[in-house]
Amino acid sequence: DTAVVKLNKDKCLLYTCDTLVSGVHFSEKYSTPYQIGRKAAAINISDITAMGGKPKYFLVSLFLPQGTTEKFIDELYQGLTEECNLYNIDIIGGNIAKSNQFIIDLFLIGEVSRQNLLLRSGAKVGDLVLVTGTLGDSAAGLKLLQNPQLNIPEKDKKRLISRHLTPTPRIKEGMIIAESKKATSMIDISDGLSSDLLHICEASQVGVKLFTDKIPVSDSVKIDFALNGGEDYELCFTVPKKYTSDIFYKLEKETKTKVTVIGEIIPKIQGRWLIDGTEKK
């Protein structure tokens, strides 16, 4: 999701972009302009984070249908700027054009030390597969928005819906993982764990055993949401077994973020397996 360009012998620039289309990537029935702005910024930030980088500059393009109000744009930019201010990111330009539907397109520039750069292609046989946080929350939140009659505890409902509408990029966690120099690959979970872990396997030319009973899910969340739901923007990364305790300790100490071992990298010839819990490591 992110392009890497060598700047000099010590540093690389990172470039990523995302386009969100009304009615495709979000619904104005469920999302306020403020929430759309927050989410649009967050998902780009997450892409830079997954490379171990620091996001720096946003370019924002808006495609506006006839009748768009000044209030809508003000609230959208309030969301954008608040998300950017959390991570000291500047909005430096962009464009506005007419359109038949509302579209927001964001381009984000980041930077990373060459020695801290993490790609999808570095996973090695014997590495463990780890994830931050809980998975499936965003998909569950969308399900609740679409089916408000579903009966789950109100505190769970609010949290899951919030996870869908305003995700939190794991920027501090990503930088800690990269700076530890212990991880071998990393990706953010935007398409669902099964798809994004497959990207690591394909880029690294390896196989994987993934244990469904180890995947961290919240109360009221089904495992299928974790595997296939997407838009969690948690981090999935691989680490040699001997370094996992170091990663756990550092993340727990500095971020309090939960980290879980959910699988193991195996030779490509052995395939890619989803283990339902009947087999244990």
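Helices (H or I, at least four residues) and strands (E, at least two) are DSSP runs, numbered from the N terminus. Axes are lines fitted to C-alpha atoms, for helices over the stretch in contact, and angles run from 0 to 180 degrees between N-to-C directions.

This is a predicted model, where local features need pLDDT of at least 70, side-chain atom pairs count only at pLDDT 80 or more, and totals for chains, interfaces and linings use all residues. Residues are numbered from 1 along each chain as its sequence is written, and side-chain values use heavy atoms, with hydrogens and water left out.

**Sheet.** I traced six strands in an open, mixed sheet, ordered β7-β9-β6-β10-β8-β11. Pairing takes at least two DSSP bridges between two strands. The twist from one strand to the next averages 20 degrees. I then checked β8 (residues 206–211) against β10 (residues 259–267): they run antiparallel, joined by five bridges. Gly207 stands opposite Ile266 in β10.

**Helices on the sheet.** α5 (residues 171–180) lies across β7 and β9 (235–239), at about 15 degrees to β9. α6 (residues 193–204) lies across β6 (128–132), β7, β8, β9, β10 and β11, at about 155 degrees to β8.

**Helix pair.** I looked up α5 with α8 (residues 244–255): they pack at about 145 degrees, axes 10 Å apart. Among the residues that meet are Ile176 and Ile177 in α5 and Ile247 and Leu251 in α8.

Technical notes. Contact means heavy atoms within 4.5 Å.
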